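Have a look at the structure before reading on.

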Amino acid sequence: MQMMDLTGRVALVTGGNSGIGLGMARGLARAGAKLAIAGRNSAKNEAAARELQGLGAEVLSLKADITQEKDCQMIVHSTLARFARLDILVNNAGTNIRKQPQDYGLDDWKTVLDTNLTSAFLCSKAAYPAMLAAGGGKVINTGSMMSIFGASFAMPYSASKGGIVQMSKSLATAWAKDNIQVNAVLPGWIDTDLTRAARKEVDGLHERVLARTPAGRWGDPADFEGIAIFLASSASDFVTGAVIPVDGGFSSQA
Ligand code: NAD
């Protein structure tokens, strides 16, 4: 469908080498976008780039630590140097450290907040001039069910993901005049490296997720292809500041 066609558009996906970010990148590639993916692990970056090229996309893979402002600037500048435009920014890179609240050190707190929240601010700030110059753009931020609910075992993560929602709404209201739409996607429980670690560390998590999710299954990175295309394309030009669960009904269940 033409309004979902991303031919000629350029997307930068942080954490685009695995899990949900790679799922979104696959969707954007299938819709015709050129892609830059940024992650810490070069081997994973290269493997993801090869896969996305197999879908017909031009792909730039970038080794970056998005907790560093200079790396956030570098990935935007490298994308512009290669493709001469940047239309879509997906702030997806994320991490978690699971402990009881009283056991976190300041370093733990900073690692999680810098990775999940501050990076989204820094990458959005770095991308803004290019989107402004192009006459518009799309920012997709990745929240979580913990943007809504608390979690006894993930206090800094919940704080960072709550922050993603309020940051998205603030950017959306500030940049609507520039034709830049900013939205947040809240994944439910999705089968990725991140949650495979959680399933090992949190007793009974797998069963609790299945019991609580009306769809009766864990999500898959493929569940993020469609929402990424929608939020990156002109199909969503009047959608901004929205917070969209992609959770098999998890957040609707009492
Ligand atoms: P994942 O571990 O597969 O992917 C995380 C990605 O973030 C990786 O590509 C990794 O390289 C990147 N990353 C982490 N720290 C980075 C850093 N400092 N610099 C550059 N890249 C960095 O996990 P995932 O589940 O796909 O997570 C992706 C996003 O989805 C995260 O923001 C996560 O919080 C969020 N999320 C996941 C779930 C779930 O159930 N899997 C649920 C809610 C939200």
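What follows looks at the ligand's surroundings and then at the aromatic rings.

## About the model

This is a predicted model, where local features need pLDDT of at least 70 and side-chain atom pairs count only at pLDDT 80 or more, while totals for chains, interfaces and linings use all residues. Residues are numbered from 1 along each chain as its sequence is written, and side-chain values use heavy atoms, with hydrogens and water left out.

## Around the ligand

Let's start with the neighbours. The ligand is surrounded by 28 residues (each has a heavy atom within 4 Å of it), and the closest are Asn17, Ser18, Asn92, Tyr157 and Thr192. That shell splits into 15 polar, nine nonpolar and four charged residues (Gly counts as polar; Asp, Glu, Lys and Arg count as charged).

Now for some polar contacts (pairs of N or O atoms within 3.5 Å). For Arg40, a polar side-chain atom sits 3.4 Å from a ligand nitrogen. On its own the ligand has 810 Å² of accessible area, and the protein covers 94% of that (Shrake-Rupley method, 1.4 Å probe).

## Helices in the shell

Which elements give two or more residues to the shell? They are helix 1 (19-30), helix 5 (155-175) and helix 6 (193-201) (helices are DSSP runs of H or I, at least four residues, numbered from the N terminus). Helix 6 gives the most, with three residues.

## Aromatic rings

There are three aromatic pairs in the structure (ring centres within 6.5 Å). Tyr128 and Trp175 have ring centres 4.5 Å apart and planes at 20°, so they're stacked (planes under 30 degrees apart). This pair links distant parts of the chain, with Tyr128 in helix 4 (residues 106-134) and Trp175 in helix 5, 47 residues apart.

Technical notes:
A polar contact is a pair of N or O atoms within 3.5 Å; within protein, one must be able to donate a hydrogen and the other to accept it, and residues adjacent in sequence count only if both atoms are side-chain atoms. Rings of Phe, Tyr and Trp (its six-membered ring) pair if their centres lie within 6.5 Å; planes under 30 degrees apart count as stacked, over 60 as edge-to-face and the rest as tilted.
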